Amino acid sequence: MSCNSCSTKTVGLAEYASPNALTWCPGCGNFGIQVALKQALVAQGVTPHQAMLCFDVGCNGNGSDKIDGYRFHGLHGRILPVAAGIACANKKLTVVAEAGDGATFGEGVNHFVHAVRGNFDITFLCHNNENYGLTKGQASATTREDVAMNSNPDGVTSTPIHPQRLALSLGATFSARIFSGDIAGMNRVFQAAIAHKGFAFVEILQNCPTYNKHTPHEWYQQRVYNINETDHDTSNRAAAVAAAEDINEKVATGILYQDPNSVPFMMRDAVRKDLGAELIDEVKTYDITPYTSRMR
Amino acid sequence: MHIQNRFVVKVSGASGQGINSVGETISKAIKETGLYSFGYREYPSLIKGGFASFQVDFSSAPLASSSDKCDMLLVLSVSAFSVYYSSVAKDGTIIHSVIGLQQSEEQQKYFSENNIKVVFVPAQQLVKEAGGHPLMVNTFLLGVLWQLLGLSFDHLIEVLKRTFAKKPEVIELNIKMLEAGKIFQNENLQPVTLGFEFHPEIVDEMIISGNQAIALGAVAAGVRAYYAYPMTPSSSILSYLAAISHETGMFVKQIEDEISVASLTVGSSFAGTRAMCGTSGGGFDLMTETVSLAAMTETPFVCVLAQRPGPATGLPTWTNAADLLLAAFAGHGEYPRVVLAASDPQSGYVLTQVAHNLADVYQIPVILLTEKQIAESHFQIKDLPPAIEIKRGLVAEDQLESLQKMDRYRSTENGVSLRWLPGQCAPTFDANSDEHLGDGSLTEDSVPAKEIFEKRMRKLEDLKKVLPDPVLHGEETADIVFVGWGSPKLAVTDAIDLYVQQGGSLKLSYLHYEYMYPVKPEKLQQLAEKAKKVVFVENNGTGQFAKLIRMESGYTPDDLLLKNDGRPFFVTEIVAYIQQSEGKEA
Ligand SMILES: Cc1ncc(C[n+]2csc(CCOP(=O)(O)OP(=O)(O)O)c2C)c(N)n1
């Protein structure tokens, strides 16, 4: 099913353009994220036919029809297992999944846990704006303690989830953090994530001008730094955990951890790892007599 | 009630005593001798203790149902004795190995009133004396049983050899235990005169469970990904497919929960392979939002829903068929879907393949219902039917070039649009769970929203036209027309056969439904006009199919024969119902 015209040509940014108008709030971090994603796909030579972009439900998911590529816009909280199912069935696709912090650490936190464990070959862009944008600014699992939100007028009382601590503790083979105002940084990190073999977790510190008044664009801009310009060793998980800890004063961004020997899910599967073919190319009638003969 | 030309053996004990394997051995050896059998399992939802049984009804004629009473009961534990003593028929025999077993007054009364003999076999001691392992008590008792039945030991030994093929070191010892059992004597144990005619030509038949047949249906249909989370009675589809996965190459995965199971199934199917998942009612509840997603994105989705009694955890290891309405109405919003119901291995095998063809061609969710009674019973069958031709409904490779941007969800006459796959050089689209236009772009406008909703729903109208009518067993004009779906077919058709053989005066027929939804009431209504009485037989508490039929057609049957205690219909119960109706007629 590989396409000759796709594999020989070079892809341009214009091919990812969509005629549909963007609907995000002015100043939303999603604009920059979408630009950087297109740049990264193009730089990695992925054509829209080879790109499988999977969107959760939320403000970010409202962008599913505002970019080209094959797309799946699923249910709230559930995009990771759908993306995993796609990635297992056709390893040739470049599968990118996107979801908000509400979807990732609230509704679908179990899926995140198991997607990390499984190391499915997916790039996962988690839009962490520290609130539920699309439903008008309720608290999410990453909203900071005591911050008052829609439906939490007295402030959030539960301890927030620290996405990097969680991902790294689960054994993530790729964990990065980047700020939605840093398009060049996103482009660089997204490319590394796309090239990574396995589950590449990218937490995007996304500003939300409408509902997140606590950590606006400027707040992040003043605090983020590129850890990949320091002597940080990205193959050292403990160092990554330490570097990722601070989310208040000096906030490390870039690739925090990458396992250079990462083996993705399908390559760990005893039945499938040595079979070259894709599941999508194997649908045909199979003879069952080897099995029925044992029942006689 | 004893049924002519049938003999019923039940083996019972605690869970963990190997009851199931004794039962399996009996079924296989019965077949090898040239007789027909049906094996029915009961077991509790625990690993050690409680009570479990395996009942084998056998005959010189084909059968696929159980009697409510057995002629010979083997008992290996006290708890099994107290649960099953009353399942022994008049003039029957209980053989037990429970040292110091005390019989209650009530039990003694039952035994004397029904002329039942209770015989203790000191199996532990005899096994020890013969040099066997304590676990070989089962084999010893099997030897006792076989000798009483007067069946050939050669066949039984053959089966044992095959069962223990991977543990050759225990074969000799097991044969020795069989022989020790064979020579066991007790004045109360008299040989049984079966009087059966043997059919040596059937020794090559298969013994298969409903779940194995569904699993093989998936193999034949080209399913390349099977996802599940363990839940009785669906689990053995997962374990069987996993066991043969190195041969089939199928990607078989236990996933973290049923929401993820359904989501992976949608994902893999969307990518273009054939994927399937299986669960029971509780797991299916969790999947329903994703079923709705599959319908909205027009992604083929096939799920096996193996029923057991609910609500909630219910009776986890028992049978019923009370999730028909759950399947027919699962998920939020209104959308087309197909619900199918298996009744035995043959239909499970065929319908699994049909489910995939329908899901692919119509791009809809298809739910295949089965029940614990079908899933885990042991059926003796000649063969599975031939495989069904695969229909995928995908745009051919050489047609990709002519595709237009809006084709993916374009409105068509029968509601089915062109489908192609991610990765293909063709216009890209958005499989959007938000309401959408032809290319999947989001819309909130009233006109396109109405148009695409109606497009999807038109599939249901087309399906109603193409899905087959229910199948009639028996005569068009009958005194009683039984109507059913799922496992009641087994008991009802066996009962009708017996009734006819015995020269009963009523004319009986049975209308069997496999295509449950969209509902096809026409044939039923035609038959009902000519029938004296129409009776729905359902293994649930409220007559769900009768309700569904009434909802879609206004038709109400004359009577409902329902059962909802975790047990299947026994053939004897149906015969009793017929005899009672006969009495009323006379
Ligand atoms: C099952 C379900 N529950 C709730 C919703 C409503 N809902 C839509 S988006 C959303 C939260 C979005 O927050 P997040 O995932 O952080 O994404 P954001 O909008 O901030 O990008 C919720 C609760 C839904 N669509 N489905």
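Predicted model: local features only at pLDDT ≥ 70, side-chain atom pairs only at ≥ 80, totals over all residues.
Me: Which helix gives the largest share of the shell around the ligand?
Reply: The ligand is surrounded by 17 residues, and A:G102 and A:A103 are among the closest. Four residues of the shell come from one helix of chain A, and this is the largest share. That element is helix 4 (residues 101-107) of chain A.

Me: How many charged residues does the shell around the ligand have?
Reply: Sorted by class, the shell has five nonpolar and nine polar residues. The charged residues in the shell number three.

Me: What part of the ligand's area does the protein bury?
Reply: Oxygen atoms of the ligand lie 2.7 Å from a backbone N or O atom of A:G102 and 2.8 Å from a polar backbone atom of A:G133. For the side chain of A:N60, an N or O atom is 3.2 Å from a ligand oxygen. Alone, the ligand exposes 580 Å². Of that area, the protein buries 78%.

Me: Which residue of chain A is in contact with B:T290?
Reply: B:T290 belongs to helix 12 (residues 281-297) of chain B. With neighbours within four places in sequence left aside, its contacts in chain B are B:I259, B:A262, B:S263 and B:V266. The contact in chain A is A:L75.

Notes
Residues numbered from 1 in each chain as written. Chains lettered and ligands numbered in written order. Heavy atoms only, no water. Near = heavy atom within 4 Å. Polar contact = N/O pair within 3.5 Å; in protein donor to acceptor, adjacent residues only side chain to side chain. Areas by Shrake-Rupley, 256 points an atom, 1.4 Å probe, with all protein chains shown as cover. Helix = DSSP H or I, 4+ residues; strand = E, 2+ residues; numbered from the N terminus. Nonpolar A, V, L, I, M, F, W, Y, C, P; charged D, E, K, R; others polar. Contact = heavy atoms within 4.5 Å.
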